[in-house]
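Visitor: I have a protein model open and would like to learn how to read it. Could you walk me through some of its features?

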Amino acid sequence: YPTKIFKSKLKKNPKIIFISRINTEVTAEVKNLWDINKNQLLQNFHLLDDTDYWDKNILNTKNENEKYTLYLKLKLLLRYEVVKSLKNKFGEQMEVIGNDWSNYPIKSRSSPDIGSKEYNLKKIYDIYKGNICLDLGSIVGSISLYHRSMQIIEAGGLIIQSNQSDSKEIWGNLYDKIIFNNINDSILMIEKILYDEKYSSFLIDEIYNKFSKSEKLM
């Protein structure tokens, strides 16, 4: 659980912040599977964690290592499509941050502090604080609270997150307000936060209240 949470409020002109690494290099076989399933996965992110969907549409195998490797690649391809769509929609209002993004046709800025020996947590917290912080979950699994989402909460950012396997359990009454399951939902969610100051203040306070006494939940 997040601890030492900074109580914040949304900035007057908040940015949509997304910090992540990215690598969409895949084999022809993986690219083919992505192309076949792309539309369904973009309409319902949760299908990527649905074992029945995998067995019927992606890969039916008892080799868990093979399945997991493919899962990681498909998550990155999905992540790229989401970020590309949101950047096209919100333009300069959205900041994509990460050194890997310079290899892709998405305007971004690099950060030597991210993913390096000079990793500076305070600088990252300053970026998140008071902004709308997009979180697409961990690359390696499906869980709501992991290092990046907890950094956003601790910094006083207003997190909006793609649906994870434990989203309803973790977020409770905030689930419908900050959890999205496709690109259209994320756009509507962001627009409401951007243009309704009273609503955004309510959300950031509710997130703070949910985790302000995390030590009792551990």
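Visitor: Let me begin with a single residue. Which residues does Leu 86 touch, not counting those up to four places away in sequence?

Guide: Good place to start, and keep in mind that this is a predicted model. To read contacts, we look for heavy atoms within 4.5 Å. By that reading, Leu 86 touches Gly 91, Met 94, Leu 134, Ile 183, Ser 186, Ile 187 and Ile 190, leaving aside residues up to four places away in sequence.

Visitor: Which residues have the most contacts inside the largest nonpolar core?

Guide: Leu 86 is one of them, along with Leu 74, Met 94, Ile 160, Trp 171 and Ile 178. That core has 70 residues. Its largest share, 11 residues, comes from helix H3, which spans residues 64–90.

Visitor: Now for a helix. Which residues of helix H4 are buried?

Guide: Buried means under 20% relative accessible area. In H4, residues 121–128, the buried ones are Ile 124, Tyr 125, Ile 127 and Tyr 128. Looking down the axis of H4, you find its buried residues within an arc of 155°, so they line one face of the helix.

Visitor: Is Tyr 128 buried or exposed, and why?

Guide: Tyr 128 counts as buried because its relative accessible area is 1%. Among the residues it touches are Ile 17, Ile 19, Cys 133, Arg 148 and Ile 152.

Visitor: Where is Ile 159 found?

Guide: Ile 159 belongs to strand S4, residues 158–162. With a relative accessible area of 1%, Ile 159 is buried. Its contacts include Cys 133, Ile 152, Trp 171, Ile 178 and Ile 207.

Visitor: Let's finish on the outside. Which residues form a nonpolar patch on the surface?

Guide: Tyr 1, Leu 217 and Met 218 do, with about 320 Å² of accessible area together. Leu 217 sits in the segment after helix H9 (197–211). Its relative accessibility is 44%, so Leu 217 counts as partly exposed.

Notes. Residues numbered from 1 in each chain as written. Predicted model: local features only at pLDDT ≥ 70, side-chain atom pairs only at ≥ 80, totals over all residues. Heavy atoms only, no water. Patch = residues over 30% accessible without salt bridge, like charges linked within 9 Å, V, L, I, M, F, W, Y side chains within 5 Å. Areas by Shrake-Rupley, 256 points an atom, 1.4 Å probe, with all protein chains shown as cover. Salt bridge = Lys/Arg side-chain N within 4 Å of Asp/Glu carboxyl O. Helix = DSSP H or I, 4+ residues; strand = E, 2+ residues; numbered from the N terminus. Buried < 20%, exposed > 50% of the residue type's maximum accessible area, 1.4 Å probe, protein only. Core = buried A, V, L, I, M, F, W, Y, C linked by side-chain atoms within 4.5 Å. Arc of directions from axis to C-beta.
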